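Subject: Structure handover

Hello,

Here is the structure I said I would pass on. Please open it first, then read the notes below it.

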Amino acid sequence: MKLTLRIWRQAGPADSGRMVAYEVPDANPDMSFLELLDVLNERLTLEGDDPVTFDHDCREGICGACGVVINGQAHGPRERTTTCQLHMREFSDGDVIDVEPWRSVAFGVVKDLMVDRSGLDRIIRAGGYVSVNTGSAPEAHATPVPKPIADTAFDNATCIGCGACVAACPNGSAMLFTSAKVTHLNSLPQGAPERSERVLNLVEAMDAEGFGGCTNTGECTNACPKGIPLDSIATLNREYLRASLGRK
Amino acid sequence: MTFFKLGDDIADTRAPDVPIEQRWDKRRFDAKLVNPANRRRHSVIIVGTGLAGGAAGATLAEQGYHVIQFCYQDSPRRAHSIAAQGGINAAKNYRNDGDSVYRLFYDTVKGGDFRARESNVYRLAQTSTQIIDQCVAQGVPFAREYSGLLDTRSFGGVQVARTFYARGQTGQQLLIGAYQALSRQIDAGNVEMHERTEMLDLIVVDGRARGIVARDLVTGQISTYLADAVVLATGGYGNVFYLSTNAKNSNASAIWRAHRRGAYFANPCYTQIHPTCIPRSGEYQSKLTLMSESLRNDGRIWVPKKAGDTRSPDQIPEEERDYYLERIYPGFGNLVPRDIASRAAKNQCDLGRGVGPGGLGVYLDFADAIRRLGEDKVREKYGNLFEMYDRITGEDPYKVPMRIYPAVHYTMGGLWVDYDLQSTIPGCFVVGEANFSDHGANRLGASALMQGLADGYFVLPPMLGNYIASSKFDKVTEAHPDVVETVNEATGRLTKLLSINGERTVDSFHRELGEIMWDECGMARSEDGLRKALGRLPELREEFWRSVKVPGTGSQVNQSLERANRVSDFLELGELMCVDALHREESCGGHFRVESQTPDGEARRDDERFAYAGAWEFGGTGEQPILHKEPLNFDYVHLAQRNYA
C-alpha cells in the first residue's frame with residue numbers, strides 16, 4: 001500500500017507545531033499503525049531527520065500508553081481498538097491519513113504526538129483507592145459481593161487511562177475516566193466507607209486539572225477502547241449529588 | 001575454548017535452619033525492627049512500578065519510610081505487569097479439592113524442574129493466601145460466582161483449581177490495585193514519584209548500594225538520587241530477543257548496570273517460551289502477542305502431514321493432518337506443559353510442515369469444539385481472545401483455524417538474591433521478575449503475579465527494615481568521588497552513543513541480536529550454535545559502538561537514545577546468556593540442550609552435575625565472567641524426571 005501520512009510535528013511545548021506530510025510507499029495491510037510509524041522512523045533516522053516521537057509500550061491494547069488522533073478520531077476508525085491494535089488493513093491504498101496528538105487544554109504536548117496526561121494520575125491520587133494498608137485485610141471470603149455488582153465494578157475497572165475520552169470530548173472533559181473509577185470503587189462494599197469523600201475529591205481534582213465540563217455528547221464512550229458505558233457518568237452524577245447533600 | 005572462570009561456591013545464609021514451614025516466621029522474628037518514629041528518616045529508592053515495585057512502594061510508604069520511586073513510562077499504571085492475562089495462584093483451597101500450601105510449594109518446585117530454592121518457594125506458597133485477601137480489600141474485581149464468592153480455575157501443570165482471575169485481564173486488575181495503593185501514598189507525600197525517568201546506573205559507595213543515576217526522559221537532565229537502600233523492580237529481559245511478548249520498552253539496563261557494579265546474575269539462560277502466540281506477519285514486526293494458554297483446553301493443534309503443503313486448511317482432509325501433540329503425548333495431548341508444546345511446534349516447522357508466512361506457525365483449530373459445544377458456548381469462553389486474534393490478523397477464528405507459534409514470554413533468570421531478596425551488593429534488593437528466586441528453570445502459569453505481589457507486599461518490607469535497622473548510614477553527598485564517577489560514566493556513555501553517527505539504526509542492531517539469540521539460544525540450544533553465537537556477539541557489539549546512528553541530542557525527548565542505551569546492555573547480556581547456556585550441559589525446564597535428551601527426544605536433566613543455580617559475577621569489560629555455584633538441596637520434594645507421555 002502507498003500512503004501519505006500528515007503528521008503533527010512539534011519540537012516541544014514552546015514550539016507552535018505544524019502538519020508535515022510523509023509518503024510511505026511500502027505499507028503492508030498487516031502492519032499495526034505503530035509499526036507503520038516505526039517504518040517511517042527508521043527511514044527518517046537514516047535520512048538524518050528527526051524521527052516522530054510517540055508514546056507506546058505494551059502494543060497489545062492494555063497499558064494505555066499509546067493513542068493518537070487519526071483522521072479526527074481518537075485511536076482511529078475501528079471501534080473499541082487502541083492505536084497499537086489498529087491495523088493498516090482498515091485503510092486503502094492511496095489514502096491520506098492525518099495523525100495528531102490528543103488535543104485538550106489539560107494535556108499539553110510534550111513533543112510531536114506525545115502529550116502530558118499526568119492530570120489523570122492526580123485525579124486518582126485524590127481518592128481513587130480504598131484506604132487499606134498492606135496486611136490489614138480481612139479474609140477474602142468475609143464479604144461476599146453479588147456477581148452483578150462485581151461485574152459492574154470490573155467493567156469500569158477495565159479503563160486503561162489512555163485519555164481518548166478526553167481527546168474525543170468537545171469540552172475536553174475527563175468525566176468518563178473519573179466516573180469509571182467512582183463506579184468501580186463505589187459499587188463495591190470495600191469502597192463504601194469512603195464513598196462520599198471519594199466522589200467529591202475526584203470531581204474536585206478533575207476540575208482543578210482544567211478538564212472541561214460534561215454536556216452528555218457521548219463522544220467519550222464512542223472513542224473508549226474498553227467500552228466504558230455512558231451510564232457510568234450517570235452513576236457519577238448520582239453519587240456526587242448524594243454526597244453533596246449528605247455533606248451539608 | 002571456555003568462556004568463563006570458575007569461582008567459589010555461593011550459599012544463601014539467610015534462611016534459618018529450622019523445618020521449612022517455620023523458616024519464614026523465624027526469619028521475621030529474628031529480623032531487626034526499625035522504630036516507627038525513625039522510619040521517616042530513612043529513604044528507599046524503588047525502580048519500577050509493576051506488581052513488585054508498586055506493591056513495595058505502597059507498603060514501605062505505609063510503614064513510614066520515605067520512598068523515592070521511578071518509572072520510565074508516563075504513569076506508574078503502565079508497567080508491563082498490566083498485560084498478564086490468565087490469573088494468580090493462591091493456596092486458599094476454597095474448592096476443597098485437596099489444595100494446600102504444601103501442594104502449591106510442591107507443584108512449583110516440580111514445575112520449575114528442580115532448579116529453584118526450596119525455602120523461597122515454600123514462603124511464596126505461604127504468602128499466596130494473604131495476597132488474595134489484600135487485593136480483595138483494595139477493590140480488585142476478581143471473578144465471582146453467583147454466591148458472591150470468588151471463582152477459581154485450573155491452569156497448566158496442576159490438578160487443583162487454585163487460580164483466581166479477573167476475566168482475561170488479571171494482571172491489569174492487580175496492577176491497578178497496587179497503583180491505587182501507591183497513588184494514595186504519593187498523595188500523602190510519603191512517595192516521591194518520578195515518572196518518565198529512567199535509571200542509568202547504580203551508585204555503590206563503600207560496597208553498599210546508596211543511590212542511582214537517572215535521566216529525565218523529557219528534559220534529558222541526568223541527576224543523582226541518594227538513599228539508604230535501592231530496590232530494583234524492573235522486570236525481565238525477554239526483549240534481548242527483540243521479538244517477545246514484553247512491552248516494547250521493557251529492558252534489562254537497571255539489572256545489567258547493577259550486575260556490572262557487583263550483583264551476581266543467576267541462571268540467565270532460563271527463558272520461557274510460550275507456545276500460543278500470534279505468529280509474526282512480516283519484517284516490520286515489532287512485538288508478539290500472547291494468546292492465553294487456556295485456549296489449549298478446547299483447541300486442537302495440527303499441521304499438514306506433507307511438508308510444504310500450501311493448501312488452505314479447509315482443503316486439507318482429516319487423514320492428511322497430523323495432530324502431533326495428541327499423537328506423541330496421548331496422556332496429556334494438547335495440554336502438555338509450555339516448554340514441551342513450544343519445542344514440538346518448532347520441530348514440526350523445522351520439518352517443513354509449518355503453516356502461514358515463512359512456514360513459522362501451526363494450526364490451533366476450534367472446529368471440533370464448535371461442533372461439540374456450539375459456537376455460542378465457544379464465544380462465551382473465548383470470545384475476547386478470538387476478537388483479539390481477529391483484530392491482529394484479520395482472520396475469523398470461528399471459521400479459519402488460528403495460527404500460533406511460540407514466543408519469548410518470561411525470564412526465570414535474574415539477579416541472584418538471598419532469602420532476604422538482597423543481591424550480592426548490600427543494600428541492593430531485587431524483587432519480582434528481575435530476580436531469579438522462585439521459578440527455577442520453568443515458571444508455572446499464574447505464578448508470576450503471585451511472586452511479584454508476594455515480594456512487594458509481604459517479603460521485601462520486613463527484610464528491608466532488617467537491613468536498615470542493622471546498618472549504620474554515613475551521609476553520602478553528590479560530591480562523593482564514587483558518585484561523581486558513576487555520573488560521569490553514565491553521561492559519557494550517552495555522549496558516546498550520540499557522537500558515533502554511523503549508518504545503522506538501533507533497531508537494526510536489536511533485530512540482528514534477536515535473530516542470533518532466537519536461533520542459537522532459543523527453544524533448542526546446541527554447543528555448536530552457542531559457540532557460533534559467542535563468536536558473533538562480540539563482533540556485533542563492536543559494530544554497534546562503531547556504526548550506530550542515534551539522531552538528535554541528549555537534552556530533549558530522544559527515544560532513539562533511550563533505545564540505543566538499552567540495546568547496548570542487551571548486547572552484553574545476550575553474551576552472558578549464551579555462556580550460561582553453553583556451560584549448562586543438561587536440559588531442564590526452558591533450557592533445552594540438544595545434546596541432553598532421551599532417545600525419544602525429551603529433555604534430560606543431569607542432577608549429578610547441575611543441581612545448582614549458576615550465579616555469574618561480572619569479570620570486567622571484555623573479561624570472562626566468573627561462575628559461582630549455589631548447590632540446591634531438595635530435602636522435601638524428591639528429585640524426579642518429569643514425564644508427560
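A salt bridge here is a side-chain nitrogen of Lys or Arg within 4 Å of a carboxyl oxygen of Asp or Glu. By that rule, the count between domain 2 of chain B and domain 3 of chain B is 0 salt bridges. Please keep in mind that this is a predicted model.

Domains of chain B

The domain assignment divides chain B into domain 1 (5–270 + 412–469), domain 2 (274–408) and domain 3 (484–611). I looked at how domain 2 of chain B meets domain 3 of chain B. Their centres, taken over C-alpha atoms, are 30 Å apart. On the side of domain 2 of chain B, 11 residues are in contact, and they meet 9 residues of domain 3 of chain B. The two domains bury about 820 Å² between them, and carbon and sulfur atoms give 58% of that area.

Which residues of domain 2 of chain B lose the most area to domain 3 of chain B? They are Asp339(B), Arg343(B) and Lys346(B), which together make up 51% of what that side buries.

As for secondary structure, α9 (338–350) and β17 (402–411) of chain B each supply at least two residues of the side of domain 2 of chain B that touches domain 3 of chain B. The largest share, 5 residues, comes from α9(B). Sorted by class, this side of domain 2 of chain B has 6 nonpolar, 1 polar and 4 charged residues.

Chain A on its own

Chain A has 248 residues, and 60% of them count as buried. Its secondary structure comes to 8 helices and 7 strands. The C-alpha trace of chain A spans about 60 × 35 × 35 Å along its principal axes. Of the contacts in chain A between residues at least 6 apart in sequence, 68% join residues at least 24 apart.

Where chain B meets chain A

The contact between the chains takes 78 residues from chain B and 74 residues from chain A. About 6400 Å² is buried between chain B and chain A, with carbon and sulfur atoms giving 51%. Arg78(B), Tyr284(B) and Arg391(B) supply 12% of the area that chain B buries against chain A, more than any other three residues.

How many salt bridges are there between chain B and chain A? The count is 6. A salt bridge joins the side chains of Arg117(A) and Asp74(B), at 3.1 Å from N to O. Across the interface of chain B and chain A there are also 44 residue pairs in polar contact, both residues being at pLDDT 80 or more.

Several helices of chain B each supply at least two residues of the side that touches chain A, among them α3 (51–63), α5 (118–138) and α16 (559–583). The helix that gives the most to this side of chain B is α6(B), with 9 residues. The residues of the side of chain B that touches chain A divide into 28 nonpolar, 29 polar and 21 charged.

Thr45(A) is in helix α1 (residues 33–46) of chain A. Is Thr45(A) buried or exposed? Its relative accessible area is 6%, and buried means under 20%, so Thr45(A) is buried. A polar atom of the side chain of Thr45(A) lies 2.7 Å from the backbone oxygen of Asn41(A). Leaving aside neighbours within four places in sequence, Thr45(A) is in contact with Pro51(A) and, from chain B, with Thr505(B), Lys549(B) and Pro551(B).

Arg59(A) lies in the loop between α1 and β3 (69–70) of chain A. Phi of Arg59(A) is near 55°, a positive value in a residue other than glycine. The relative accessibility of Arg59(A) is 5%, so Arg59(A) counts as buried.

Asp112(A) is in the loop between β6 (109–111) and β7 (114–115) of chain A. Asp112(A) is not a glycine either, yet has a positive phi of about 45°. With a relative accessible area of 2%, Asp112(A) is buried.

Regards

Technical notes:
Residues are numbered from 1 along each chain as its sequence is written. Chains are lettered from A and ligands numbered from 1 in the order in which they are written. This is a predicted model: local features need pLDDT of at least 70, side-chain atom pairs count only at pLDDT 80 or more; totals for chains, interfaces and linings use all residues. Side-chain values use heavy atoms; hydrogens and water are left out. Domain bounds come from an automatic or database domain assignment. Contact means heavy atoms within 4.5 Å. Buried area is the accessible area (1.4 Å probe) that two parts lose on being put together, summed over both. Helices (H or I, at least four residues) and strands (E, at least two) are DSSP runs, numbered from the N terminus. Ala, Val, Leu, Ile, Met, Phe, Trp, Tyr, Cys and Pro count as nonpolar, Asp, Glu, Lys and Arg as charged, and the others, Gly among them, as polar. Buried means under 20% relative accessible area, exposed over 50%, partly exposed in between (1.4 Å probe, protein chains only). A polar contact is a pair of N or O atoms within 3.5 Å; within protein, one must be able to donate a hydrogen and the other to accept it, and residues adjacent in sequence count only if both atoms are side-chain atoms.
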